[in-house]
Amino acid sequence: MFGPGFISGDRGRLYREMREEHGPVAPVTLIGDVPAWLVLGYRELHQITANPELYTRDSSVWNMWDRIPQDWPLMPMVGRQPSILYEVGERHERRSALVGDALRGVDPFELRQHSEQHADELIDAFCSRGEGDLVGQYAMQLPALVLARIFGFTDDDGSRLVPSINAVADGAEGALEGRQHLQQAMGSLLRSRAIAPAGDVATRMQTHPNSGEFSSEEILEDMMVNIVSGHQPTADWISNSLRLMLTDDRFAASLAGGRASVGEAMNEVLWEETPTQNIAGRWATRDAQLGGRRVQGGDLLVLSFAAANADPQIRPDQHSFTGGNSAFFSFGHGSHRCPYPAQEIAEGVARTGIEVLLDRLPDVDLAVGEEELVWRPSPFLRGLESLPVTFTPTSAVGGRR
């Protein structure tokens, strides 16, 4: 999964070839020739995510641990951590309720206001030049700034956190230092809110009826998981939408219809180029049959949301728009899916970010050939390194208040 086909090739074609050769469940290798199964089928992903007893999120049952060194690069994805991502059973349900309720308390009108303000400020920084990078200068900044605000950070603190959040989300150089900075900042925020509560996510996490069941370390970890996992896919959702707007005539025509069409266009991105592509993973708790394959107890299954979204069993015509169909796997499924309030927050930030950009820079054009755009080197997420554009220079508006 770390070869050129996954990193920079045509993944849609690769998934089709794998499905033709292996069916809905294909054998793959991870770094160090570690074997795993890549689940390509839509029905098979439903089967896995709807049966947590047979396909658990608890990686301790993995049958490869005797082959995995402590410094394995993918350890952060599979090694058990004190976060909600690795919780199972009833305890996971109660922890999910805590996180979901804390995020559900975000006022959608305030979210919109924060998103517009930060979007305007980011655009102000480059709009007079007539050129910019809509990834580095915009999409990779906006979600982190908004999430920091609703979690309880000041705007100044949020700005200082953006590089750390990006480093952790991308697993890039500086990820460890970024995690340490983020951990320290989250700890400080939670301690301050324990003394002086406010109307933010940090306060609601600590005052929830279920909060007494979990340690301060677990609550801090869940705060970090939500701000990092909320930022990166949302940033890629924005930039992938803008890329298609600038390179796909059908998509551009949809967005040109005005704000009413932005939501439908964003929905199309989740089918065609979902930011969250492959997730590691689930582990079989016993031997089982899946997609015609004999999966052994302890085997690792990597869930391919991108391949499932393109499964010809559910999308026989890959060239037609899906309209308002939201049965994609981009936010997962089952007990470990992305919490619905988190999905709503991501959509609110992404949609506002795209709308404000279209309002401010209506004649934006791609500054390079489409073939020159480079994807970040990750088989798990799908996002661009940069998105250089040109437009008619315009004046800053000073932000919307």
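Arg-95 is a buried residue, with a relative accessibility of 2%; buried here means under 20% relative accessible area, exposed means over 50%, and partly exposed is anything in between (1.4 Å probe, protein chains only). Keep in mind that this is a predicted model, where local features need pLDDT of at least 70 and side-chain atom pairs count only at pLDDT 80 or more, while totals for chains, interfaces and linings use all residues. Residues are numbered from 1 along each chain as its sequence is written, and side-chain values use heavy atoms, with hydrogens and water left out.

So what does Arg-95 pair up with in a salt bridge? The partner is Asp-222, at 2.7 Å from N to O. Helices, by the way, are DSSP runs of H or I with at least four residues, strands are runs of E with at least two, and both are numbered from the N terminus. Asp-222 is buried too, at 3% relative accessible area.

The structure holds 22 salt bridges. Another one joins Arg-193 to Asp-200, with the closest N and O atoms 2.6 Å apart, and both of these residues are buried. Shared partners also link salt bridges into one network made of Glu-87, Arg-91, Arg-95, Glu-218 and Asp-222. Asp-155 meets Arg-149 at 2.6 Å, N to O, and Asp-155 is partly exposed, with 27% relative accessible area.

Now for a loop. Ser-378 lies between β9 (365-366) and β10 (388-390), and counts as buried at 16% relative accessibility. A polar atom of the Ser-378 side chain is 3.1 Å from the backbone nitrogen of Phe-380, and one lies 3.2 Å from the backbone nitrogen of Leu-381. Neighbours within four places in sequence aside, Ser-378 is in contact (heavy atoms within 4.5 Å) with Phe-6, Ile-7 and Arg-11.

Three strands make up an open, antiparallel sheet in the order β4-β10-β9, with β4 (131-133) and β9 as the edge strands, each pairing on one side only. Strands pair if DSSP finds at least two bridges between them; β4 and β10 have three, in the antiparallel sense. Asp-133 has Pro-388 in β10 as its bridge partner.

Terms used:
Salt bridge = Lys/Arg side-chain N within 4 Å of Asp/Glu carboxyl O. Polar contact = N/O pair within 3.5 Å; in protein donor to acceptor, adjacent residues only side chain to side chain.
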